[in-house]
Amino acid sequence: MSSRGPKQTVFACLAETARALAHEHRLDLLEHLGQGERSVEELSTRTRLSVANTSRHLQILRRARLVAPRRDGKRMLYSIVAEEGVIRLLRALGRVGERNMAEIERVMAAYFRARDALEPVSREELMARLHDGVVTVLDVRPEDEFTVGHLPGALNIPLAALESRLAALPREQEIVAYCRGPYCVLSFEAVATLRAQGYRVRRLEDGFPEWRAAGLPVETPERSSAP
């Protein structure tokens, strides 16, 4: 009986991590947890899964040490462990999928690029424009996600309220919209809506989790943090 060598041991552990990621619902849960700590019930509502199914997927992510729980009274709250590394891993997975999977390319062309064919704004470009005060940053996530953390100076108008609150947006300044991540539809829909109303608007290249993982400044109502 042969023993497993060090390389095989490492590869076996990496395979466990890959298996934990290998489900669309778990990737969805990680996107939501990238916005901040959430209870099982909140995640169940946002992903439209049952509480039992949500809990089962979270346990798989927990065993792979991708998420960790914290008890708050009767509620169990979850957050991403070593968030920067997990967010970067998910982005790398997305890039490989976009390059190799024809179905992803079809969806990117038929849905995402159909709503926003312009080149998105990079994080570096947005930081420079924020410094110069020549851009309005629009966060179209739900208010509770915005409260947990957001880009500096961002204005929060959830997508569902956007058309009724157009007067809050300047027409003389370009708008950069962002949401939960590179495949979140909220910012794409916001860009399409605002362009139809004559606004100059572009989309951030990814979302809030990627911005925070890059060590860029974030704000909450109580504090701000800078790299």
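This report describes selected helices, loops, side chains and aromatic groups in a predicted model.

## Helix α4 and its two partners

Two packed helices are described by the angle between their axes and the distance between the axes. For α2 and helix α4, which spans residues 51–63, the axes come within 10 Å and cross at roughly 80°, and the two helices are therefore roughly perpendicular to each other. On the α2 side this contact is made by H25, R26, L29, L30 and L33, while α4 contributes T54, H57, L58, I60 and L61.

Helix α3, made of residues 40–47, also packs against α4, at an angle of about 110° and with the axes 9 Å apart. The angle makes α3 roughly perpendicular to α4. Here the residues in contact are V40, L43, S44 and T47 of α3, together with V51, T54, S55 and L58 of α4.

The side chain of T54 reaches the backbone oxygen of S50 at a distance of 2.8 Å. When residues up to four places away in sequence are not counted, T54 touches L29, V40, L43, S44, T47 and L49.

## The loop between α2 and β1

The loop that joins α2, residues 24–33, to β1, residues 38–39, holds E37, and G36 lies in this loop as well. G36 is buried, with a relative accessible area of 8%, whereas E37, at 32% relative accessibility, counts as partly exposed.

G36 and V148 are 112 residues apart in sequence, yet their C-alpha atoms are 6.3 Å apart in space. Apart from residues up to four places away in sequence, G36 touches V148 and R212. E37, for its part, is in contact with R70, L77, Y78 and S79 once its neighbours within four places in sequence are left aside. With R70 there is a polar contact from side chain to side chain, at 2.7 Å. E37 can also be placed relative to A68, which is 31 residues away in sequence and 9.8 Å away in space, C-alpha to C-alpha.

## Two loop residues with positive phi

Most residues other than glycine have a negative phi, and most peptide bonds are trans. R65 has a positive phi, near 60°, and is a residue other than glycine. Its place is the loop between α4 and β2, the latter covering residues 67–72, and R65 is exposed, with a relative accessible area of 70%.

A82 likewise has a positive phi, in this case near 50°, in a residue other than glycine. A82 lies in the loop between β3, residues 75–80, and α5, residues 83–100, and at 60% relative accessibility A82 counts as exposed.

## Aromatic rings and arginine side chains

For rings whose centres lie within 6.5 Å, the count comes to three aromatic pairs. In the pair of Y111 and F112, the ring centres are 5.1 Å apart and the planes stand at 85°, so the pair is edge-to-face. F112 is buried, its relative accessible area being 7%. Both residues of this pair belong to one aromatic cluster, which is formed by Y111, F112, Y183 and F188.

Arginine residues also lie over aromatic rings in the model. R141 is found over the face of F208, at 4.7 Å from the ring centre, and R171 is found over the face of Y199, at 4.1 Å from the ring centre.

## R129 in helix α7

R129 is placed in helix α7, which runs over residues 123–132. How far is R129 buried or exposed, in terms of relative accessible area? The value is 18%, and R129 is buried because the term applies under 20%. Not counting residues up to four places away in sequence, R129 touches V134, V135, E174 and R202.

Definitions and conventions: Residues are numbered from 1 along each chain as its sequence is written. Side-chain values use heavy atoms; hydrogens and water are left out. Helices (H or I, at least four residues) and strands (E, at least two) are DSSP runs, numbered from the N terminus. Buried means under 20% relative accessible area, exposed over 50%, partly exposed in between (1.4 Å probe, protein chains only). Contact means heavy atoms within 4.5 Å. A polar contact is a pair of N or O atoms within 3.5 Å; within protein, one must be able to donate a hydrogen and the other to accept it, and residues adjacent in sequence count only if both atoms are side-chain atoms. Rings of Phe, Tyr and Trp (its six-membered ring) pair if their centres lie within 6.5 Å; planes under 30 degrees apart count as stacked, over 60 as edge-to-face and the rest as tilted. A charge sits over a ring if NZ of Lys or CZ of Arg is within 6 Å of the ring centre and within 35 degrees of the ring normal. Axes are lines fitted to C-alpha atoms, for helices over the stretch in contact, and angles run from 0 to 180 degrees between N-to-C directions. Angles under 35 degrees count as roughly parallel, over 145 as roughly antiparallel, 65 to 115 as roughly perpendicular and the rest as oblique.
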